[in-house]
Amino acid sequence: MPLRKSFVNHFVVIILKHYIFCSVDTQRSIRDYKVSDYGASHAGSGQTVGCGRRWLSFSPHSMKVFMQTLVLPTYDDVVAAARRIEGHAHRTPVLTSRTVDAELGAQVFFKCENFQRMGAFKFRGAFNALSKFDATQRKHGVVAFSSGNHAQGIALSARLLGIPATIVMPHDAPAAKVAATREYGATVVSYDRYTEDREAIGRQLAEQQGLTLIPPYDHPDILAGQGTAAKELFEEIGPLDALFVCLGGGGLLSGSALATRALAPDCKLYGVEPEAGNDGQQSLRSGSIVKIDTPKTIADGAQTQYLGNYTFGIIKRDVNDILTASDAQLVETMRFFAERMKMVVEPTGCLGFAAARAMAGELKGQRVGVIISGGNIDLDHYARLLAR
């Protein structure tokens with residue numbers, strides 16, 4: 001038995017190395033799928049990993065070994081991403097407000113990714129990932145699944161790099177985000193987020209059409225690209241005492257964590273997710289990834305059901321705490337940004353500041369950073385929310 005266990009562990013490490021060095025178009029999710037012919041389906045008894053069509057089922061014990069050996073991105077990957085996106089992504093402004101400083105009794109700095117290309121931070125990770133495609137990948141194209149901002153980021157990056165793009169989007173995604181994705185030249189495939197599995201749809205399209213699947217957050221190149229926003233923030237304003245970052249699948253938070261621990265190691269880092277969808281908070285508390293039903297919240301960019309293996313590995317190690325904000329708090333924060341700072345910010349982009357306002361008493365006298373993730377929202381819906 002000990003010999004068999006040793007062999008399995010050694011074999012898993014070999015497969016891990018094979019997985020890490022495979023080209024991105026053949027990498028597969030390792031979370032909870034078991035092979036069936038050449039496709040993948042949910043399975044509770046085992047896990048799979050592989051490249052191309054070479055798949056293996058792992059027992060829960062072997063999967064634990066795999067996760068313990070998973071190689072996480074580092075700040076060096078963020079630095080490399082910054083070089084790739086330079087001249088393509090905007091170096092977004094850092095804004096301040098005397099009203100906010102007075103309210104919190106602190107110095108608050110807003111990194112405004114709502115002024116990024118396509119209106120959100122997602123462009124950073126998307127362009128970084130696609131810029132690493134080889135000639136074959138560029139020819140066949142990319143497929144992604146997203147509720148909106150990753151869709152637009154991939155679509156715009158693909159257009160700039162001359163890569164065909166197919167995007168799987170929920171049928172109830174904001175109309176403005178769907179329209180923009182199509183205008184960037186991508187083909188949009190719709191699905192029902194409450195009854196269908198977007199990852200399965202994306203994998204099927206990748207298999208059938210030879211596309212490279214780029215997930216919205218659980219990918220080293222994606223999260224490294226997202227981390228460049230925090231890198232720019234620290235480079236511009238120096239160390240912070242606290243940084244608040246919105247949390248959906250964890251790409252922005254994990255990337256920000258890499259930059260934070262490298263540039264301001266003493267800074268307290270907080271992830272903030274919708275009150276109705278606190279899977280990240282539950283995961284951090286329990287020490288393992290918790291999966292929930294699709295949350296019903298106005299923060300459509302954070303309607304994720306679970307964190308990723310890469311993102312959770314970094315979050316668990318580097319994030320101080322995960323907080324939540326209610327939809328009512330998000331609406332009030334949207335109103336504040338519109339009235340006092342003359343900015344349109346989508347609900348998800350309000351998560352960080354909503355939590356910071358709730359923690360005002362603990363932040364007095366501190367230097368506080370907030371990353372505003374994006375500003376993509378249908379104007380009619382925006383008006384209805386502000387009229388509440």
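**Exercise 1.** Does Glu235 count as buried, partly exposed or exposed, and at what relative accessibility? Then place its salt bridge in the chain.

*Solution.* The model is predicted.
Step 1: Buried means under 20% relative accessible area, and exposed means over 50%.
Step 2: Glu235 has 43% relative accessibility, so Glu235 counts as partly exposed.
Step 3: Its salt-bridge partner is Arg91, with the closest N and O atoms 3.1 Å apart.
Step 4: Arg91 sits in the loop between helix H3 and strand E5, while Glu235 belongs to helix H10. The two are 144 residues apart, so this pair links distant parts of the chain.

**Exercise 2.** Find which residue forms a salt bridge with Glu232, and which network includes Glu232.

*Solution.*
Step 1: Lys111 is the partner, at 2.8 Å between the closest N and O atoms.
Step 2: Glu232 lies in helix H10 and Lys111 in strand E6, 121 residues apart.
Step 3: Both Glu232 and Lys111 are buried.
Step 4: A network of salt bridges links Lys111, Glu113, Arg124 and Glu232.

**Exercise 3.** Classify the packing of helix H7 (residues 149–161) and helix H8 (residues 175–183).

*Solution.*
Step 1: Their axes come within 8 Å and cross at roughly 15°.
Step 2: Angles under 35 degrees count as roughly parallel, so H7 is roughly parallel to H8.
Step 3: The crossing is left-handed.
Step 4: H7 contributes Asn149, Ala151, Gln152, Ala155 and Arg159 to the contact; H8 contributes Lys177, Ala180, Thr181 and Glu183.
Step 5: By class, that contact has three nonpolar, three polar and three charged residues.

Technical notes
Residues numbered from 1 in each chain as written. Predicted model: local features only at pLDDT ≥ 70, side-chain atom pairs only at ≥ 80, totals over all residues. Heavy atoms only, no water. Axes fitted to C-alpha atoms, helices over the stretch in contact; angles between N-to-C directions. Helix = DSSP H or I, 4+ residues; strand = E, 2+ residues; numbered from the N terminus. Parallel < 35°, antiparallel > 145°, perpendicular 65-115°, else oblique. Left-handed = near helix turned anticlockwise from the far one by under 90°. Contact = heavy atoms within 4.5 Å. Nonpolar A, V, L, I, M, F, W, Y, C, P; charged D, E, K, R; others polar. Salt bridge = Lys/Arg side-chain N within 4 Å of Asp/Glu carboxyl O. Buried < 20%, exposed > 50% of the residue type's maximum accessible area, 1.4 Å probe, protein only.
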